[in-house]
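You asked for a colleague's note to accompany this structure, written for someone who has not looked at it before. The points below are meant to be read with the model open alongside.

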Amino acid sequence: MPVTRLFLILASLLTASAMAQAQGVPEEVTPEMAAEKGCYSCHEGIEDFTSGVMMETIQAMGPDFGDPGGCVVCHGGNPQGLTAEEAHSGTVADLADAGGPHTFYPDPGAVWIADKSCGQCHDGYAERLIKSLMNTEAGKLQGNLWSWGVLDTRRSVYGNYDLTDDDGYEPTVGTDAYKEYILAYAEAHPDQLPPSMEQVPEVDVAAISEHPNMAGITYSRQQCQRCHVGVSGREKRGDYRGAGCSSCHVPYSTEGFYEGNDPTIARDLPGKLLVHQMQGSRKSVVTHGDVSYTGIPTESCVSCHNRGKRIGTSYQGIMEFPYGTPYDEKGGKQPALHTKGYLFIKDDLHHQIESRPENPQGGMLCQDCHTTVDMHGDGNLPGTTLAQVEIECEDCHGTVSRFPWELPLGYGEEFQGELADTARGLADDITAEQYFAEVYEPQDGYLLTARGNPFGNVVKSGDKVIMHSASGLDFEVPVLKQIATDGSWKSPNAQVAMMNVGQHMESMECYACHADWAPQCYGCHITVDYSEGKTDVDWIANANARGDDGLTADYPLGTNGLTSAGKVSESRSYLRWEEPILGINGEGRVSPLMPGCQVITTVIDEDGNTVVHNETWMTPDAGGTKGLDHAAVQPHTAGREARSCESCHNNPKALGYGISGGRFLKGYDKGFTVDLETALGVLIPQQTTLQSQPIPSLDHDLSRIVTEDGQQLVTVGSHWDLTGPLPQDMRERMERTGLCMGCHQNMTNEEIWNAVNSPEFVNNVQHQQRMDDAIKALAEKEGN
């Protein structure tokens, strides 16, 4: 163990020891006390980690190893130790011989030792989690390095670690149907389920002058890779969490303070768990003060999912904004959350809590939709989100013509291919690993995911679909075919969009219309400065510097661990949230897009030379485009009322042509100076300063991804061949900009206009009625 790391751990133990004595912990633990109480000699009052059979089993095992409370079953260590140092560094030989923990594990959930702690009961979970996207972040790395021009392949080459999938593509969990599906999926998409991946390399700083785009690796290692379960995460408000299994299953508050009853845990030092209890499914009850809850709060997920596609914060309804308003009562700005200020836009309808519990229509947790495979993995090495996530909206809601159980497997991720017309049906049982969670009665059967695994919490009950939330709430799921059969549409718009225009359902993601908004951070201006020995935290270095306790170099509080050469600073051009651009996602369906890694880079080498200034990099798609990525996204901002027809068909931005058709923000490539000038634009003073630096390669607005004649301007997605702007023929078929002139060009012809217009014709409803009359009249005329 590195000396610095050991010193920090011992320092924290000494601080905790002094604090514990002030709170009534005995100054000296005697052998008799240790024999009677074990770990409770010091930790008396700490909360039971869980309840029911799991806690009973832990406590039953404890006395065999000299610990009545069973702490050593998960934490290891020596319960007969008379000092913290002895107890936290000792070994229980019998426990080690039995395959249990053999050293002290401050965080038993740390994924690198979880097979010896959590894995005693939850066999295989640690191995699957190590290979999952939650740990490798392979998709993030591939997308970022693609935009920097470092990678020219869609294959996921790099991850946070050197990993190999030795047992082939067949998943280690799931139904036979699921395993068959994934084997075919891997054969069709080998780049997205690679057999191995390499740890993203370190940067050769001496070579940066020759290859400045390699600074993208520094950017990834320092700024992007902290949100994986192999490390403990950043010590910032809202980012506190445990490692590995504890990342999700142990509650950490936004402020990061301990509020439990263990007298040895500091209460004034942020970075601690909220209480020593496990959060999981409906059967794991966490009680803190007067509050009891079940399930994993959304905020636990958002400790990581607040950057990149920002789906966690978007689900909560908030988006980062730089202003920090409104002010508090002292005139101060918002406290930084995930290092940012936020504006409330509108939360996802599945998250909304204002109507519960009297009429629960929202308040769902992330785990209510996302399955154990989505979160823990299936034993493969997925390279992208689409490769790991097994669910589609239609799995629960169906379509207007088919109930969910009538759909074939693969519906929603057809990749523009044909599916077998075989109903997926229902399951009468769940998979072995799902029995660890709350088990619900199947009633008429469990619904299946698009890949053939049962939803353990979604069942058919007569003509209804019931979703059992881990929170304890139960929801009746709106089923589209039932709505169509009953004619219970909430508006004619919904019936037209989903039933009358059948192609919408067949070619679009549900959230192409139902996503209310998406965070759009245009322009990622990055400076990577290697001069004067500048350094910053390197999350890959941290991740790969682990002790025998499974904890990485960033674990000790007060330090973020190891650093590497270079210092990154970043900002943006502008922010938007409304009416995202539409494009084609990796599955071949119309989807919202959002700005991805739109990197505009300045790199300063170790000698202080600026080797590139406001440079964009080229990517290989569409014959070569600027690496100002727009990525397909499920924004997690669903609304009951979909976006309007006009917001797509009469909106140049939605079509990919840019805000207002790209008329604005055309001066990036020139920059500008603001000072006294003549009417011809000649600067008058001799001493002037450039107000805005030029970006020479950027001659269009960042929201413009394609021209009207079909030239793709920027990269759209990096993982899948099907991703891109809306195709030319689709844009031409759907575009209805300028439609008003179809009628209003006749306003100058009084004879025509007076025949269809009247002083009473003033509002929108009357306008629509008049157009309806005109279409019917034309149909009657054509019919004759």
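How does the lining of the second largest cavity divide by class into nonpolar, polar and charged residues? The answer comes in the first point, and it should be read with the caution that the model is a predicted one.

1. The second largest cavity. The lining of this cavity has six nonpolar, two polar and one charged residues. The space inside amounts to about 50 Å³, and the residues around it are Tyr178, Ile182, Leu193, Val373, Asp378, Asn380, Pro382, Ala387 and Gln388. Two helices, α11 (176-188) and α18 (385-388), each supply at least two residues of that lining.

2. The largest cavity. By class, the lining of the largest cavity divides into six nonpolar, four polar and two charged residues.

3. The second largest pocket. About 530 Å³ of space lies in the second largest pocket, which is lined by 25 residues, with Tyr252, Thr254, Pro297, Glu299 and Ser300 the closest to its centre. Both β5 (291-293) and α14 (298-302) supply at least two residues of this lining, and α14 gives the most, with three residues. The lining of the second largest pocket is made up of twelve nonpolar, eleven polar and two charged residues.

4. Strand β10 and its neighbours. Four of the five residues of β10 (residues 464-468) are buried, so this strand is largely enclosed by the rest of the structure. Strand β9 (residues 454-461) pairs with β10 in the antiparallel sense over four bridges, and strand β11 (residues 474-477) likewise pairs with β10 in the antiparallel sense over four bridges. In β10, Ile466 stands opposite Val459, while in β11 the bridge partner of Ile466 is Glu476.

5. The two hairpins. β9 and β10 form a hairpin with two residues between them, and Gly462 in that turn has a positive phi of about 65°. The hairpin of β10 and β11 has five residues between the strands, and there Gly472 takes a positive phi near 105°.

6. A three-strand sheet. Elsewhere, three strands form an open sheet in the order β1-β3-β2, with mixed pairing. The edge strands are β1 (158-159) and β2 (163-164), each of which pairs on one side only. Strand β1 and strand β3 (residues 196-199) run parallel and are joined by two bridges, and in β3 the bridge partner of Tyr158 is Glu198.

7. Aromatic pairs. A search of the whole structure finds nine aromatic pairs. In one of them, the rings of Tyr125 and Phe436 have their centres 5.8 Å apart and their planes at 75°, so the pair is edge-to-face. This pair links distant parts of the chain, with Tyr125 in helix α8 (residues 125-131) and Phe436 in the loop between α19 (394-397) and β8 (446-448), 311 residues apart. Tyr125 counts as buried because its relative accessibility is 12%, whereas Phe436 is partly exposed, with a relative accessible area of 35%. Phe321 and Tyr323 form a tilted pair, at 6.2 Å centre to centre and with 35° between the planes. Of these two residues, Phe321 counts as buried at 17% relative accessibility, and Tyr323 is exposed, with a relative accessible area of 53%. Ring pairs also link Tyr181, Tyr185, Phe415 and Trp720 into a cluster.

8. Arginines over rings. Which arginine lies over the face of Tyr125? Arg128 does, at 4.4 Å from the ring centre. In a further case, Arg546 lies over the face of Trp112, at 3.8 Å from the ring centre.

Notes:
Residues numbered from 1 in each chain as written. Predicted model: local features only at pLDDT ≥ 70, side-chain atom pairs only at ≥ 80, totals over all residues. Heavy atoms only, no water. Buried < 20%, exposed > 50% of the residue type's maximum accessible area, 1.4 Å probe, protein only. Pairing = 2+ DSSP bridges. Phe/Tyr/Trp six-rings, centres within 6.5 Å; stacked < 30°, edge-to-face > 60°. Lys NZ or Arg CZ within 6 Å of the ring centre and 35° of its normal. Nonpolar A, V, L, I, M, F, W, Y, C, P; charged D, E, K, R; others polar. 1 Å grid on protein atoms, 1.4 Å probe; cavity = no way out; pocket = protein on both sides within 12 Å on 5 of 7 lines; lining within 4 Å. Points joined across faces, edges and corners; volume = space filled by probe spheres on them.
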